[in-house]
Amino acid sequence: MGIVTALVRSSFLVNAVYADSGREHGITAQQGQLLCVLMVQPYGMSELGAMLGLAKSSLTGLVDRSVQRGLVRREPDPEDGRAVRVALTAKGDALADAFYAGTCRRVDALSAGLDGADRDQLAKLLERLVLSNKVPVVFMEPDESAPPAP
């Protein structure tokens, strides 16, 4: 299998994990992604759009639905009085923790058939791929600190 096929098919695996985790917690995969991003810190709408790869209208709908469910809230941006940031509510924070833990377990299980050395090599190669393509920090290591604000 070539690199293109392998990467595309692996993206389907990860998308399926998000969908399964979302179903378990009664949210969409996109809501789960939003919660995982906001676990780090509140973000402005433009930052969230860039991180999640969503157009303004799609992001607004996602945030609106998440606000209606009590998972996130809009708050004033201390840097720009005209702008808002999106932050987790207490309910959203608890759900984010559960969704994140379940997603980590499911993704980890995807490589269960690999031995330790192969898992380490795969992680190193994927890390290089992600870093060289400047992928936004949309899912963090459990012990990773918040990225600097853009």
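The model is predicted: local features need pLDDT of at least 70, side-chain atom pairs count only at pLDDT 80 or more, and totals for chains, interfaces and linings use all residues. Residues are numbered from 1 along each chain as its sequence is written, and side-chain values use heavy atoms, with hydrogens and water left out.

**The nonpolar patch**
- I3, V4, L7, V8, F12, L114, L122, L126 and L129 make a nonpolar surface patch of about 800 Å² (its residues have over 30% relative accessible area and no salt bridge, and nonpolar side chains are joined within 5 Å; areas come from the Shrake-Rupley method with a 1.4 Å probe; a salt bridge is a side-chain nitrogen of Lys or Arg within 4 Å of a carboxyl oxygen of Asp or Glu).
- At least two patch residues come from each of helix 1 (3–25) and helix 6 (116–132) (helices are DSSP runs of H or I, at least four residues, numbered from the N terminus).
- Helix 1 gives the largest share, five residues.
- L126 sits in helix 6 and is partly exposed because its relative accessibility is 37% (buried is under 20%, exposed over 50%, partly exposed in between).

**After helix 6**
- K134 lies in the segment that follows helix 6, and its 72% relative accessibility is why K134 counts as exposed.
- The phi of K134 is near 50°, a positive value in a residue other than glycine.
- Most residues other than glycine have a negative phi.

**A residue of helix 1**
- T5 belongs to helix 1 and, with a relative accessible area of 34%, is partly exposed.
- From C-alpha to C-alpha, T5 and K91 are 39 Å apart in space, and they are 86 residues apart in sequence.

Key
Patch = residues over 30% accessible without salt bridge, like charges linked within 9 Å, V, L, I, M, F, W, Y side chains within 5 Å. Buried < 20%, exposed > 50% of the residue type's maximum accessible area, 1.4 Å probe, protein only.
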